[in-house]
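Here's a quick tour of a protein model, going from the overall build down to a few individual residues. Have the viewer open as you read.

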Amino acid sequence: VRSRINWMLKSYVSRRQADAIVTISDYAREEILQFFKLPADKVFIVDLASDPIFRKVGSPKIDSHITQDGEIGTGRLTTYLGGFGPHKNVEMLIRVFAQLAARPEFQDLILLLVGENQKEIYYSEIEKIRSEITRLGIVDRVKFTGFLPDEAIVQLLNLSTVLVLPSFMEGFGLPAFEAAACGCPVIATTESPLPGLLGEGALYVS
């Protein structure tokens with residue numbers, strides 16, 4: 001609760017002091033204008049793009065000890081890439097994965113959660129997520145990697161069966177863009193600019 005209050009206070013003070021606000025997409029700009037009731041001439045867009053390092057590679061390889069809690073194994077990888085704040089909706093992803101993991105045709109499926117989870121500077125639900133994984137009995141099927149450098153993420157996305165970005169809202173959704181650049185199928189939130197950016201190159205969920 002303290003982290004959430006501190007973040008809201010910091011956001012309020014920043015908006016009051018700023019001469020202009022820069023965001024990363026038309027979608028994010030419209031959300032900011034509506035939510036904070038700001039004048040349109042105060043919010044500007046600087047577009048994002050994936051780094052050229054994100055690409056298809058010929059023979060992708062990752063260290064079997066890439067995770068913080070044991071080897072990945074040889075199963076199909078469902079990958080999540082990002083933070084663990086409430087808006088990322090990772091808890092829902094965990095529950096859906098648990099249902100899939102119980103089905104015979106998905107016995108080899110592994111969920112890989114990629115992102116800093118020990119020194120997050122934003123509000124994090126990592127302990128709640130870990131508790132849910134334990135409660136659902138899928139500790140051996142869900143792996144955390146912690147922070148990974150881009151070079152490792154490129155290899156990982158080239159090997160993943162799918163990247164899932166189920167956020168309640170994304171201002172841009174860069175992990176989905178990076179995955180698509182690596183040829184990795186994407187399932188992403190409709191609450192983002194991704195339907196316009198990736199078009200038929202992804203599946204979308206509300």
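How many positive and negative side chains does the protein have, and how far apart do the centres of the two sets lie? The protein carries 21 positive and 25 negative side chains, with the two centres 5 Å apart. For that tally, Lys and Arg count as positive and Asp and Glu as negative, while His and the chain ends are not counted. The place of a charge is taken as NZ of Lys, CZ of Arg, CG of Asp or CD of Glu.

A word on the ground rules. This is a predicted model, where local features need pLDDT of at least 70 and side-chain atom pairs count only at pLDDT 80 or more, while totals for chains, interfaces and linings use all residues. Residues are numbered from 1 along each chain as its sequence is written, and side-chain values use heavy atoms, with hydrogens and water left out.

## The overall build

The protein has seven helices and eight strands; these are DSSP runs numbered from the N terminus, helices being H or I with at least four residues and strands E with at least two. Its radius of gyration is 18 Å, close to the 17 Å that the globule rule gives for 206 residues, so the protein is as compact as a globular protein of that length. (The radius is taken over C-alpha atoms, and the rule is 2.2 Å times the number of residues to the power 0.38.) Along the principal axes, the C-alpha trace spans about 55 × 40 × 30 Å.

How much of the protein is tucked away? Of the 206 residues, 42% count as buried, meaning under 20% relative accessible area, with exposed being over 50% and partly exposed in between (1.4 Å probe, protein chains only). The protein exposes about 11700 Å², and carbon and sulfur atoms supply 56% of that; the areas come from the Shrake-Rupley method with a 1.4 Å probe, and for residues only the protein chains shown count as cover.

Then there are the contacts, meaning heavy atoms within 4.5 Å. Among those between residues at least 6 apart in sequence, 64% join residues at least 24 apart.

## Salt bridges

A search of the whole structure turns up nine salt bridges, each one a side-chain nitrogen of Lys or Arg within 4 Å of a carboxyl oxygen of Asp or Glu.

Lys88 sits in the loop between strand 3 (77-81) and helix 3 (90-101), and Glu170 in the loop between strand 6 (162-165) and helix 6 (174-181), so the pair ties together parts that are 82 residues apart in sequence. Both partners are buried.

Arg95 is partly exposed at 39% relative accessible area, whereas Glu91 is buried at 15%. Salt bridges that share partners join Glu91, Arg95, Glu125, Lys128, Glu132 and Arg135 into one network.

As for the remaining pair in the table, Arg29 counts as buried at 19% relative accessibility, and Glu30 as partly exposed at 38%.

## Helix 2 and what follows

Which residues of helix 2 are buried? They are Tyr27, Ala28, Arg29, Ile32 and Leu33. Their cover includes strand 1 (21-23) and strand 2.

Just after helix 2, Lys37 takes a positive phi of about 55°, although Lys37 is not a glycine. Lys37 is in the loop between helix 2 (26-36) and strand 2 (43-45), and is exposed, with a relative accessible area of 70%.

Asn89 is another non-glycine with a positive phi, about 60°. Asn89 lies in the loop between strand 3 and helix 3 and counts as buried, at 12% relative accessibility.

## A proline to finish

Pro185 is found in the loop between helix 6 and strand 7 (186-189), partly exposed with a relative accessible area of 44%. Leaving aside neighbours within four places in sequence, Pro185 is in contact with Thr161, Val162 and Leu163. Pro185 and Asn158 are 27 residues apart in sequence and 9.8 Å apart in space, C-alpha to C-alpha.
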